[in-house]
Amino acid sequence: MVKGLLSQRSSCSSHGRECATPVLAAQRRNNSTAPKIAVEFDQSTGVAVMRLQSPPVNSLSLDFITELCISVEKLEMDKSCRGLILTSSQPKVFSAGLDITEMYGKSPEHYGEFWRAVQEMWLKIYGSSMVTIAAINGSSPAGGCLMSMTCDYRIMADNPRYSIGLNETQLGIVAPFWFKDTMTNTVGHRTTEVALQLGLLYNPSEALKIGLVDQVVPEDQVLATATQTMTKWLAIPDHARALTKSMMRKPTIDKLTSNREADIQHFVNFITKDSIQKSLGIYMAMLKKRRARGQRAHVLSVTRVWGSS
Amino acid sequence: MVKGLLSQRSSCSSHGRECATPVLAAQRRNNSTAPKIAVEFDQSTGVAVMRLQSPPVNSLSLDFITELCISVEKLEMDKSCRGLILTSSQPKVFSAGLDITEMYGKSPEHYGEFWRAVQEMWLKIYGSSMVTIAAINGSSPAGGCLMSMTCDYRIMADNPRYSIGLNETQLGIVAPFWFKDTMTNTVGHRTTEVALQLGLLYNPSEALKIGLVDQVVPEDQVLATATQTMTKWLAIPDHARALTKSMMRKPTIDKLTSNREADIQHFVNFITKDSIQKSLGIYMAMLKKRRARGQRAHVLSVTRVWGSS
Amino acid sequence: MVKGLLSQRSSCSSHGRECATPVLAAQRRNNSTAPKIAVEFDQSTGVAVMRLQSPPVNSLSLDFITELCISVEKLEMDKSCRGLILTSSQPKVFSAGLDITEMYGKSPEHYGEFWRAVQEMWLKIYGSSMVTIAAINGSSPAGGCLMSMTCDYRIMADNPRYSIGLNETQLGIVAPFWFKDTMTNTVGHRTTEVALQLGLLYNPSEALKIGLVDQVVPEDQVLATATQTMTKWLAIPDHARALTKSMMRKPTIDKLTSNREADIQHFVNFITKDSIQKSLGIYMAMLKKRRARGQRAHVLSVTRVWGSS
């Protein structure tokens with residue numbers, strides 16, 4: 001089923017050294033079929049850098065997530081690739097999170113397909129045997145925060161205007177249990193309880209204090225720090241490290257894999273409710289209005305709609 | 001069964017705007033049938049303030065707990081009530097914890113009824129869909145600490161003579177597994193392991209440091225801070241917040257609900273032991289003596305007996 | 001089976017006041033049948049001090065672990081013994097961890113017997129009803145760290161050259177699930193995830209910061225501080241404290257007891273792999289070379305081999 005999901009779209013891969021550089025990608029920005037992910041794999045170090053380049057804010061649309069899953073899977077199967085750095089090519093944002101337009105005004109089948117892809121993304125990265133580092137060079141709310149938390153290590157730019165967190169309740173929606181489990185594994189039960197209930201977004205220094213990110217560095221040093229950190233992680237024998245990682249994460253992963261269909265059904269039932277659709281509709285309208293007035297988006301849930309409207 | 005427990009005593013409710021103000025309650029202090037709980041519900045904000053007013057130290061007697069459960073249940077069923085602030089009308093004490101006289105020299109049936117009420121109090125507050133804030137304006141040992149921990153947020157007065165903690169082992173008794181689970185969810189496994197074994201009571205700044213309370217403010221600002229904090233929590237859509245809260249707490253709640261009768265039996269077996277009854281008897285005698293000598297109680301387990309003897 | 005393990009070697013006990021003092025033990029250092037553990041039990045306080053004295057670095061060999069288990073079991077059965085302080089008689093090292101020579105070039109049967117003893121050591125100390133305090137007066141990597149974590153409280157010497165941690169991945173091996181569970185219970189999920197993957201060794205102040213030890217004091221005050229701390233713990237009624245401790249640790253202990261044979265089989269399968277044996281062989285050769293060149297060992301995994309080669 002997973003394979004099915006991925007193979008449907010396997011034509012749009014950008015993995016390999018021939019893939020688009022960020023500059024090329026930027027030039028192609030208006031081309032909707034352009035790769036949304038640019039992967040640079042350095043055979044000499046065994047490290048791949050994956051740049052998210054879906055303008056303007058790396059919203060996690062179905063297409064984007066599918067491309068991301070394919071790219072990660074290819075690296076995973078390439079035994080010469082030992083480490084993966086995730087970062088953004090877009091200014092000011094790492095990822096704005098799940099694309100709200102995938103959750104509004106669509107068919108139940110679409111919602112189901114979308115949710116399965118979101119699960120798949122989490123399973124692929126959280127369960128990766130590679131060392132995974134998030135180089136968070138911009139805001140990272142909701143699904144962007146989830147993607148960061150699935151990595152082994154998080155380095156964030158020290159710009160106080162950037163924020164990170166699972167802010168779902170602020171939109172009237174609820175983070176599913178495996179978002180919650182991932183956050184609990186990262187910052188503990190009590191911090192998660194408050195953060196999830198209030199939909200808190202943290203600036204970098206706050207995120208560092210609660211352990212939501214591991215390091216905060218000047219913006220122009222995020223990627224270099226990620227590379228240095230990767231070297232340290234790769235000094236450990238892969239086999240022992242990957243077995244240890246699996247031991248830590250398997251119970252959490254098993255919980256989703258054994259409840260996957262129920263979780264999809266739960267999401268579809270929730271998102272198709274009139275009240276939820278209405279809330280999302282009002283929210284999207286408000287954002288369009290704000291955008292028309294030229295207001296700066298402060299939370300990325302705002303910019304999320306920019307990516308799709 | 002729960003309903004049964006509550007309906008037996010449903011005549012002594014003080015819920016609603018017609019209920020006693022703290023001043024009136026204080027005047028009635030010597031009347032044993034006076035309400036032990038004063039609830040002020042503000043329809044305009046959707047927030048109820050519940051004042052514990054069982055002189056002198058808000059000991060959690062069977063009557064008191066029953067009245068508390070009824071009051072919480074009424075608010076829970078009133079959909080216009082969205083938030084609940086718990087605080088004390090008694091000087092220097094939030095609650096002295098479980099009333100030791102309910103656990104000494106009584107019948108097994110009485111112990112069972114008492115313990116079921118303690119469980120019920122925890123289930124009602126820990127599982128409440130309302131936002132619950134503890135405005136801890138005095139010491140809060142043992143059951144008082146448990147009651148605080150069942151809330152969503154804890155604000156404590158900065159008076160260094162006040163203390164909070166689960167100090168059961170100091171009396172030779174053992175906090176049950178759901179007290180332990182609640183504390184673990186609040187401050188983590190390791191801190192709980194030490195705190196419970198040593199029966200530690202923390203002053204406000206220590207409690208803040210380990211995360212047992214969320215905020216420490218000057219004594220005269222405890223209630224105002226609780227009100228401001230409530231406003232922040234109520235800015236989140238109720239439905240999403242309450243579902244998130246349930247997701248965080250349900251596993252812990254389920255553990256008690258599915259072991260409720262066994263937990264009661266366990267308590268009755270433990271408390272009826274000769275050695276435990278003897279310990280409690282010695283302890284109570286010592287406290288009466290101290291009281292006769294006019295010594296100031298430092299730990300609330302001490303003041304616990306004052307409320308009943 | 002456990003009894004069987006222990007009774008085979010019950011002749012080498014050193015428990016009781018007649019046992020070797022550290023000074024005598026030092027004089028006997030070159031006698032391979034000399035007790036590896038010296039126990040001083042003070043009837044007046046109910047506290048036993050157990051000194052690890054297996055030169056040069058208290059490597060956890062099968063003989064050493066067996067003697068340790070017997071000593072702990074004897075104290076456990078002596079109801080007048082309420083507290084146990086574990087410390088080292090060897091300079092600069094608390095314990096260098098599992099003896100690597102027990103895991104290299106031996107038969108599967110030997111590996112199985114060795115691993116059962118390691119499990120037994122953990123079960124005995126982690127589940128002890130005594131108060132257990134580790135007076136960590138030297139480095140404490142791998143199995144040394146595990147032994148420390150099984151105690152109720154950890155006090156470490158402030159010497160920055162000492163380190164503590166589960167550094168198994170650095171040798172290409174993997175800490176088993178119950179090492180991981182013990183560490184998670186001590187420092188939480190996230191810190192454990194990073195520490196175990198990278199095989200991190202912490203200096204005392206780092207260890208204090210993450211909660212891997214509870215207190216750091218000058219080297220000459222480690223034992224005195226342990227004794228004072230013990231007095232505080234013994235002020236709590238034994239029965240209530242031990243029941244509370246069991247409530248906190250039982251789920252973790254049950255996980256191993258119900259998977260004990262599978263865990264042994266898993267260890268034997270892993271350690272007999274050609275690749276693992278080859279890694280350990282290379283590692284041991286490197287250490288011998290280093291030692292020949294007179295280099296100072298910085299990590300205790302290094303000194304581990306000194307103890308046996």
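Among contacts in chain A between residues at least 6 apart in sequence, where contact means heavy atoms within 4.5 Å, 75% join residues at least 24 apart. This is a predicted model, in which local features need pLDDT of at least 70 and side-chain atom pairs count only at pLDDT 80 or more, while totals for chains, interfaces and linings use all residues. Residues are numbered from 1 along each chain as its sequence is written, chains are lettered from A and ligands numbered from 1 in the order in which they are written, and side-chain values use heavy atoms, with hydrogens and water left out.

**Chain A in outline**

- Chain A has 13 helices and 8 strands, these being DSSP runs numbered from the N terminus (H or I over at least four residues for helices, E over at least two for strands).

- In strand β3 (residues 83-88) of chain A, 6 of the 6 residues are buried, so the strand is largely enclosed by the rest of the structure.
- Both faces of β3(A) are covered, with G83(A), I85(A) and T87(A) buried on one side and L84(A), L86(A) and S88(A) buried on the other.
- Strand β2 (residues 47-52) of chain A runs parallel to β3(A) and is joined to it by 6 bridges, two strands being taken as paired if DSSP finds at least two bridges between them; within this pair, L52(A) stands opposite S88(A).
- Between β2(A) and β3(A) the chain passes through helix α3 (residues 62-77) of chain A, in a β-α-β crossover that is right-handed, a term that applies if, with the strands pointing away from the viewer, the path from the first strand over the helix to the second runs clockwise.
- β3(A) also pairs in the parallel sense with strand β4 (residues 131-136) of chain A, over 4 bridges, and here I85(A) stands opposite I133(A).
- The chain crosses from β3(A) to β4(A) through helix α4 (residues 108-126) of chain A, and this β-α-β crossover is right-handed.

**Relation between the chains**

- Chain A is superposed on chain C by a rotation of 120° with 0.0 Å of shift along its axis, at an RMSD of 0.0 Å.

**Interfaces with chain C**

- 20 residues of chain B are in contact with 20 residues of chain C, and the two chains bury about 1700 Å² between them, 66% of it on carbon and sulfur atoms; buried area is the accessible area (1.4 Å probe) that two parts lose on being put together, summed over both.
- R190(B), Q197(B) and L198(B) supply 41% of the area that chain B buries against chain C, more than any other three residues.
- Across the interface of chain B and chain C there are 2 salt bridges, a salt bridge being a side-chain nitrogen of Lys or Arg within 4 Å of a carboxyl oxygen of Asp or Glu; R190(B) and D214(C) meet in a salt bridge through their side chains (2.9 Å, N to O).
- Between chain A and chain C the count is 2 salt bridges, and the side chains of D214(A) and R190(C) meet in a salt bridge (2.9 Å, N to O).

**Helix α7 of chain C**

- Helix α7 (residues 189-198) of chain C is mostly covered, with 9 of its 10 residues buried, among them R190(C), Q197(C) and L198(C).
- The cover over these buried residues includes α4, β6 (153-157), α6 (177-187), α9 (222-234) and α10 (238-257) of chain A together with α6 (177-187) of chain C.
- After α7(C) comes G199(C), whose phi is positive, near 60°.

**Backbone exceptions**

- Most residues other than glycine have a negative phi, and most peptide bonds are trans.
- The peptide bond from P55(A) to P56(A) is cis, with omega near -5°, and P56(A) is found in the loop between β2 and α3 of chain A.
- A142(A), in helix α5 (residues 142-149) of chain A, has a positive phi near 45° although it is a residue other than glycine, and at 1% relative accessibility A142(A) counts as buried.

Note on methods:
Buried means under 20% relative accessible area, exposed over 50%, partly exposed in between (1.4 Å probe, protein chains only). Copies are superposed by least squares on the C-alpha atoms of residues with pLDDT of at least 70 in both.
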